[in-house]
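Dear colleague,

Please find the structure below. My notes on the ligand site and on one helix follow.

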Amino acid sequence: MTAYEIIQKKRDGGTLSGEELRFFLAGCLSGDIPDYQAAAFLMAAYLRGMTDEETYLLTKEMIATGDTVDLSRFGELSADKHSTGGVGDKTTLIVAPIAASEGLKIAKMSGRGLGHTGGTVDKLESIPGYRTDLTVPEFLAQAEKAGIAVVGANKALVPADKYLYSLRDVTATVSSIPLIASSIMSKKLAAGAKNIVLDVKYGSGAFMKTAPEAEALARKMIDIGKRFGRNMAAVISNMDRPLGEAVGNALELSEAVDVLRGYKGGDIREISLVLASELIALAKGLTPEEAYARAVDALDSGRAYKQMQTWIASQGGDVGVLASPMARFAEEHTYTVESPVSGYICRMDTEKIGLVSTALGAGRRKKDDVLDLGAGLTILKKTGDRVEKGEPLCVLYTKSPSAPDAARDYLAALHFSQEAPANEPLIYKVIR
Ligand code: URA
């Protein structure tokens, strides 16, 4: 068996065996297979696709290249949620406390923001003292004690994904359903949770531009998870507009706390309840309706907020900050973006809005950029809203002098019309 033969087989539309995939991944990681052969393989897989069985085998062999986390001590209650990424997506900060207050054990490894999307780890680091770097034994003890442990990605899990993803990023091979599905699911499965809920986004701020594409990706990931004996569900949700009003780290933490304290409703509360109830339903064998009622009760009774306080304190964070996460960023300058016209907002380019937040200092252009955790934006008007000329659309927060440029870029991300646009649902479908 040679790398050449494997690339050739895939190029010609063949189906690779587990043995071939194992050989190829091992060669990539040892350096025996050079980057140019790995890149050729990725392009062949991108253009030819992979069968369900082949995608499953690729996922399995990717997992086998690294460590795995054993969450069996939590029995049927270990749970994880994964979002395929978006702008203003702070749902983990709300879903985890709701689910844990129902007895689930949320042991979760999260990412940092890169490009236009935010990351949960950065949002949590806007709390002084919060530790995102627990060792695996500390991570397990934290989940046991507080019901929730959320930490940064563990480098020992799925090294093959790190290698392949960095090549996909520069060879135009990211947007392939089998490659995305195996990349995401290898990490989720290695992290060990029995119950996994996926939030698969579509629209202008997501990898998948349409709901049917997002559904195809979700079905592929569910298929892989089920083959590994995990309980799976997926919510296909709209990322044609940012989620909630806040984009930026401390700003999003603040909005999440507002939802948990009952001060805030709207799309962010609704999707958090749906995601939490899907997890509760899977872990406890309840109907979606029963689980949803429990999630609402956890939120409205204040149980979920208490759970968040327990979690943050136990993971080293200053709980006092939760009452007002933006207070310690008082030095941020604010800048109001006003509407240039009267009419309706008919479309928002969500990716561009995420890039505005990055330019303000809330996100990274490069891996090593240092964040301004208080930077970002508060969106006052969204798709479907009527606005008058001169009315505030958004408030920018930044320490950099870039606010006027960011304001111009923000306006370039909005489209106006004289007619009210059709109302797009927040949730396209739930797949169980
Ligand atoms: N996120 C991942 O982890 N992998 C992908 O391929 C795409 C998004």
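**Ligand site**

In this predicted model, an N or O atom in the side chain of Lys-187 lies 2.4 Å from an oxygen atom of the ligand; a polar contact here is a pair of N or O atoms within 3.5 Å. Taken alone, the ligand exposes 230 Å², of which the protein buries 87% (Shrake-Rupley areas, 1.4 Å probe). Ser-183 places a polar side-chain atom 2.6 Å from a nitrogen atom of the ligand, and an N or O atom in the side chain of Arg-168 is 2.9 Å from a ligand oxygen atom.

The surrounding residues are Tyr-165, Arg-168, Ile-180, Ser-183, Ile-184, Lys-187 and Phe-207, each with a heavy atom within 4 Å of the ligand. Helices H8 (159-170) and H9 (177-190) each supply at least two of the shell residues, and H9 gives the largest share, 4 residues. Helices are DSSP runs (H or I) of at least four residues, numbered from the N terminus.

**Helix H11**

Helix H11 (residues 249-260) is largely enclosed by the rest of the structure, because 11 of its 12 residues are buried (under 20% relative accessible area, 1.4 Å probe, protein chains only). Just after H11, Gly-262 takes a positive phi of about 80°.

**Basis of the values**

Residues are numbered from 1 along each chain as its sequence is written, and side-chain values use heavy atoms, with hydrogens and water left out. Local features need pLDDT of at least 70 and side-chain atom pairs count only at pLDDT 80 or more, whereas totals for chains, interfaces and linings use all residues.

With kind regards

How values were computed:
A polar contact is a pair of N or O atoms within 3.5 Å; within protein, one must be able to donate a hydrogen and the other to accept it, and residues adjacent in sequence count only if both atoms are side-chain atoms. Buried means under 20% relative accessible area, exposed over 50%, partly exposed in between (1.4 Å probe, protein chains only).
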